[in-house]
Amino acid sequence: MVIPIPSSASDSELPCSYIPVADGPHSHSGAEPRPRLKKGVFVISCGLLLLFLSLFAFFNGQTQTLPNVSTWQPLSRGVSSGVSEKSTSLLNAYPWNNTMLSWQRTAYHFQPQNNWMNDPNGPLYYRGWYHFFYQYNPKGAVWGDVIVWGHAVSRDLIHWLHLPLAMVADQWYDKNGVWTGSATILPDGQVIMLYTGSTNESVQVQNLAYPADPSDPLLVDWIKYPSNPVLFPPPGIGAKDFRDPTTAWLTSQGKWRITIGSKLNKTGIALVYDTIDFKTYERVEGLLHAVPGTGMWECVDFFPVSNKSESGLDTSINGENVKHVVKVSLDDDRHDYYALGSYDEKNVKFTPDDSKNDVGIGLRYDYGIFYASKTFYDQSKGRRVLWGWIGESDSEYADVAKGWASVQGIPRTVTLDQKTGSNLLQWPVAEVESLRLRSDEFENLTVKPGSAVPLEIGTAAQLDIVAEFEIDKEALEKTVESNMEYKCSTSGGAAERGALGPFGLLVLADDDLSEYTPTYFYVVKGSDGHLKTFFCSDQSRSSLANDVGKKIFGSFVPVLKDEKLSVRILVDHSIVESFAQGGRTCVTSRVYPTRAIYGAARLFLFNNATEGTVTASLKVWQMNSAFIRPYHPDQRN
């Protein structure tokens with residue numbers, strides 16, 4: 001079968017437990033259902049349980065009344081306000097209803113009970129609890145002028161308790177927003193939090209905060225340093241171009257060092273500061289790194305990775321068998337880029353291993369929707385964990401109607417790819433596997449060119465999928481060599497047929513394929529006879545709605561000799577996270593189907609190649625819902 005894809009593509013507030021200090025500036029101023037491939041007996045009760053949990057989570061005090069399209073108007077904002085413009089016209093808004101919108105809320109990804117969320121802030125592990133802070137608008141489901149810090153805790157990075165707001169915008173130095181920051185845990189166990197505040201005059205300054213009660217493992221109450229700000233924009237740096245301090249690392253001289261993102265004209269830069277006490281700072285001459293043409297660097301991250309072990313490293317580790325990672329979030333295009341290289345502490349300089357893959361022009365953490373990410377070292381399990389903000393790609397009208405916007409990706413472990421040495425590997429934390437329920441397994445299924453194979457797994461809205469694919473050797477040998485250049489975003493998506501692709505999975509599909517999201521491989525045989533593999537996700541037929549994003553995401557993925565093509569996909573209602581070749585290339589998508597929801601969501605294998613037959617083996621787990629709910633004092637233990 002040739003897949004017919006077109007070429008075109010509440011206002012309730014959390015309590016606040018922040019302890020304020022005195023005001024005043026510091027002196028430093030369809031069709032018939034198709035036959036399905038049977039695989040055992042479907043356990044109906046499991047599907048009903050998942051459906052019940054999803055409905056309960058949404059309708060438990062969170063049902064929203066749809067706003068009147070004729071009277072509601074979105075705020076017009078752009079990158080300068082901290083978010084990308086959503087330009088969908090209300091005149092063409094899709095007639096969403098509560099049934100559709102309630103389905104979109106995720107079941108096992110972190111998100112607040114309601115309202116807007118963006119950047120992850122200051123993640124850490126402290127006295128048996130994982131802490132997650134995040135940018136939050138307590139007054140609505142769109143980005144607002146006053147952003148505060150939400151706070152949640154977890155024992156396992158999966159089940160979360162919402163705590164009171166950690167910090168609110170109540171001082172002159174953060175009156176226009178408590179923006180992104182990072183945590184540092186000192187050797188004696190003290191927790192230091194540095195964050196950017198937008199002052200009453202919209203100047204970006206750096207501020208210090210610390211726990212009011214270090215003996216409290218939940219870190220509910222926070223104190224802002226009375227002499228904030230601790231850093232102002234230096235000479236030559238714009239008042240709105242100085243933000244997002246990193247976790248500090250300890251130098252061989254016994255000083256703590258941080259870097260802060262900025263720009264000089266169109267050159268993205270990372271400024272460097274040293275400190276002894278986190279209250280006074282010395283600007284270090286030069287720059288940690290700079291790349292012309294990349295624009296403003298936000299949410300800079302800097303950390304070591306081992307080239308000998310899969311274990312994570314504390315941020316202060318340096319020396320033999322260590323590479324360093326510089327990651328930046330580019331304000332100009334809203335993507336997260338990273339580079340691997342070496343760090344010269346004495347000269348305070350990062351040098352990329354490959355200048356063609358420098359920061360902002362080469363590798364990305366994720367080729368879909370994934371931004372403002374931040375890592376932390378989890379000392380309890382010796383791993384580095386990555387958080388990333390997954391924004392919406394629907395209309396603001398829909399966000400207001402459902403009463404919330406944005407989720408966080410499943411936390412990922414980050415390691416150096418020991419086989420290639422030239423890229424990172426990202427993989428969902430092992431704890432997510434605790435949500436796996438029953439599974440269905442399929443071995444050596446033959447998928448012929450131009451066909452789609454329905455998989456009998458029951459409902460398919462909450463899944464963990466692991467799959468492997470092999471192209472038949474005869475097709476590989478017969479395929480003509482070509483100089484063809486392939487790019488996921490511009491090569492026609494899953495509708496564009498080639499000799500050796502596309503093939504993969506159709507997630508969040510309905511029975512008659514009026515809606516589906518292909519996640520797939522596309523293989524090209526170059527003029528030198530070598531195969532080059534791409535991994536893509538196509539949203540062009542993900543929804544019948546006309547006011548949602550329908551882009552095609554993806555990139556090249558390294559495939560080594562004798563490796564099968566492999567992918568892991570986490571499906572959780574309106575978010576699809578995909579990890580190819582063990583996490584060498586990752587793609588996250590937001591999709592908003594209107595028919596492929598609840599019990600109507602299905603899973604298909606597909607092969608839209610013209611020549612190559614594909615053999616596929618996969619295992620699919622139904623996923624339980626995570627418990628993400630408000631904290632009550634009796635839950636402290």
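**Exercise 1.** Is E431 buried or exposed?

*Solution.* The model is predicted: local features need pLDDT of at least 70, side-chain atom pairs count only at pLDDT 80 or more, and totals for chains, interfaces and linings use all residues. Residues are numbered from 1 along each chain as its sequence is written, and side-chain values use heavy atoms, without hydrogens and water.
- Take the cut-offs: buried means under 20% relative accessible area, exposed over 50%, partly exposed in between (1.4 Å probe, protein chains only).
- E431 has a relative accessible area of 11%, so E431 is buried.

**Exercise 2.** Find the salt bridge between R383 and E431, and state what the pair ties together.

*Solution.* 
- Apply the criterion: a side-chain nitrogen of Lys or Arg within 4 Å of a carboxyl oxygen of Asp or Glu.
- The R383 and E431 side chains meet at 2.6 Å, N to O.
- R383 sits in strand β19 (residues 383-390) and E431 in the loop between β23 (424-428) and β24, so the pair ties together parts 48 residues apart in sequence. Strands here are DSSP runs (E, at least two residues), numbered from the N terminus.
- R383 is buried too, at 11% relative accessibility.

Terms used. Helices (H or I, at least four residues) and strands (E, at least two) are DSSP runs, numbered from the N terminus.
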